[in-house]
Amino acid sequence: MANVIIIGVLIVMMLFGIRATIKHFKGEGGCCGGGPDVKIKPKKLDHVIRQRTVIVEGMTCEHCRSRVESSLNELAGVSARVNLKKKTAIVSMEIEVSDDEIRAAIERAGYKVESIS
C-alpha cells in the first residue's frame, strides 16, 4: 500500500514538472529559457522617417529582449532597440510600417503589446 502512495505522489510531481517545463520552453513561465549569450546584430537604416515607442509586456530576461528585437528587425525598413528594464522598444523606420505590423511581429515572438505611441 505504501508503494502505491509513493508512486502516486511521484506521478503528481512529474505532471507538475512536465507542465512547468512546457511553459518554460514556450516562454510563458518566469523566464523563456534563454541566456545573456544571445547576440543581436544591429540593423542600420539609411534614412529614418519615423520612430515609434512600443510598450511590451512579458519580457523577463535578455533572451526575451533579443527575441523581440530580432522579430522587429526582420520587418523590412525597421530597426529596433529594446530596453528590458523600461519594457519598451524604440522602433525606427525608413519606410512607413503600420502599427498592426509592429504588433504582429511582437506577438509572433510571444509577447503582448500594451501600447504604441
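This is a predicted model: local features need pLDDT of at least 70, side-chain atom pairs count only at pLDDT 80 or more; totals for chains, interfaces and linings use all residues.

Residues are numbered from 1 along each chain as its sequence is written, and side-chain values use heavy atoms, with hydrogens and water left out.

First, the layout. The chain has three helices and four strands, where helices (H or I, at least four residues) and strands (E, at least two) are DSSP runs numbered from the N terminus. Read from the N terminus, the order is α-β-α-β-β-α-β. Of the 117 residues in the chain, 31% are buried; buried means under 20% relative accessible area, exposed means over 50%, and partly exposed is in between, with a 1.4 Å probe and protein chains only. Taking the contacts with a separation of 6 or more, 69% come from residues 24 or more positions apart, a contact being heavy atoms within 4.5 Å.

Next, helix H2. H2 has twelve residues and spans 16 Å from first C-alpha to last, close to the 16 Å expected at 1.5 Å a residue; the expected span is 1.5 Å times one less than the number of residues. Its buried residues are Cys64, Arg65, Ser66, Val68, Glu69, Ser71, Leu72 and Asn73. The cover over them includes strand S1 (50-57), S2, S3 and H3.

How do H2 and H3 pack? Helix H2 (residues 62-73) and helix H3 (residues 99-108) meet at an angle of about 140°, and their axes are 8 Å apart. Axes here are lines fitted to C-alpha atoms, for helices over the stretch in contact, and angles run from 0 to 180 degrees between N-to-C directions. H2 is therefore oblique to H3, since angles under 35 degrees count as roughly parallel, over 145 as roughly antiparallel, 65 to 115 as roughly perpendicular and the rest as oblique. On the H2 side the contact is made by Val68, Ser71 and Leu72, and on the H3 side by Ile102, Ala105 and Ile106. By class that is five nonpolar, one polar and no charged residues; Ala, Val, Leu, Ile, Met, Phe, Trp, Tyr, Cys and Pro count as nonpolar, Asp, Glu, Lys and Arg as charged, and the others, Gly among them, as polar.

Ser71 sits in H2 and counts as buried because its relative accessibility is 7%. Ser71 touches Ala105, Ile106 and Ala109, leaving out residues up to four places away in sequence.

Val113 lies in strand S4 (residues 112-116) and is buried, at a relative accessible area of 11%. Leaving out residues up to four places away in sequence, Val113 touches Val54, Ile55, Arg103 and Ile106. Ile90, in strand S3, is partly exposed at 22% relative accessibility.

Last, a backbone point. Most residues other than glycine have a negative phi. Lys87 is not a glycine, yet has a positive phi of about 60°. Lys87 lies in the loop between strand S2 (78-83) and strand S3 (88-93) and is partly exposed, with a relative accessible area of 30%.
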